[in-house]
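Open the structure in your viewer and keep the selection tool handy. We will go from stop to stop, picking out side chains along the way.

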Amino acid sequence: MDNLERILERADALMARLEAMLPPAVPEVDWSRAVAFRWRKKQGRGYLQPVANISTIALTDLQNIDRQKELIEQNTHQFVLGQPANNVLLTGARGTGKSSLIKACLNAHASEGLRLIEVDKDDLVDLGDIVDLIAGRPERFIVFCDDLSFEEGESGYKALKTALDGSIAAQSDNVLIYATSNRRHLLPEYMRDNESYRHTDDGEIHPGEVVEEKISLSERFGLWVSFYPFKQDDYLGIVAHWLQHFGCEEADIPAARHDALIWALERGSRSGRVAWQFARDWAGKQRALALAASK
């Protein structure tokens, strides 16, 4: 009996050591806790992490991108209603509101069942698992990939192609993929790529395999929306909007014009992001000066 007890004790100790080496159990998703989630990995296992505090940006906060806003909002509205809608690729100038527009659409439609799942580029290989996890849910999910671009040979590239329009299984009707990128075709383009073009006898130009491969991913997004750098007056209009948002009086806004232009010049960009950063800085300084003067 003593030998048996020693064997059992050793077996228990061995099992305890093995259990410590195993990946932790994947936590159950509490869908009532949040409207936005992040896909996270722990010891090789993926899970959805609720985002407790999300951006409160509204569609009305996004200035001078009316055409882009109309296209994205209409597509999202169709999707929330259960009507046909497209995966979306938002490309163009940095800081012009691509990511903010998606967050604003979530805030506008969260009460109607819209949910957002943010996935890093490195985790796109798990898209199939994510879709399987949410396929039976009543909510409508946007899988959001921000600032997306690939180098040649990355595994996430083919995983995204398959998820968009390459699998034998149809894409779940409660999932869309929205991606933002500064590259229209999501891959770097080189001068040597032009060498793959061929000319036919009638003068037509046909792209070669290299170019075809590079555009094959972006063309799987049904809706392309392009964003462009802002003109000076557009930039100043966005500055004025955010200054009011941060509590500045309308009469004080003209005084910020000169500083706003210098701020943009120093950063080499007149984008919405730069306008927001300036307004935050300028409004904060004015409040600090007012507090100091009142003491």
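How many aromatic pairs does the count come to? By the pairing rule used here, there are five aromatic pairs. Keep in mind that this is a predicted model.

**Stop one: rings around Phe246.** Select Trp242 and Phe246, a tilted aromatic pair with 6.4 Å from centre to centre and 35° between the planes. Both Trp242 and Phe246 are buried. Phe246 sits in the loop between α7 and α8 (257-267) and Trp276 in helix α9 (residues 272-294), so the pair ties together parts 30 residues apart in sequence. Is Trp276 buried or partly exposed? With a relative accessible area of 32%, Trp276 is partly exposed.

Select Trp31, Phe37 and Phe141 to see one aromatic cluster. Then move to Trp263, where Arg267 lies over the face of the ring, 3.6 Å from the ring centre.

In soluble globular proteins, nonpolar side chains tend to be buried together. Select Ile72, Leu101, Tyr235, Leu243 and Phe278: of the 47 residues in the largest nonpolar core, these touch the most other members. Helix α7 (residues 232-245) gives the most to this core, with seven residues. Zoom in on Phe278, whose contacts beyond four places in sequence include Tyr235, Val239 and Trp263. Finally, select Leu48, Leu148, Leu160 and Val175, which are among the 26 residues of a second, separate core.

Note on methods:
Residues are numbered from 1 along each chain as its sequence is written. This is a predicted model: local features need pLDDT of at least 70, side-chain atom pairs count only at pLDDT 80 or more; totals for chains, interfaces and linings use all residues. Side-chain values use heavy atoms; hydrogens and water are left out. A nonpolar core is a set of buried Ala, Val, Leu, Ile, Met, Phe, Trp, Tyr and Cys residues joined through side-chain atoms within 4.5 Å. Buried means under 20% relative accessible area, exposed over 50%, partly exposed in between (1.4 Å probe, protein chains only). Helices (H or I, at least four residues) and strands (E, at least two) are DSSP runs, numbered from the N terminus. Contact means heavy atoms within 4.5 Å. Rings of Phe, Tyr and Trp (its six-membered ring) pair if their centres lie within 6.5 Å; planes under 30 degrees apart count as stacked, over 60 as edge-to-face and the rest as tilted. A charge sits over a ring if NZ of Lys or CZ of Arg is within 6 Å of the ring centre and within 35 degrees of the ring normal.
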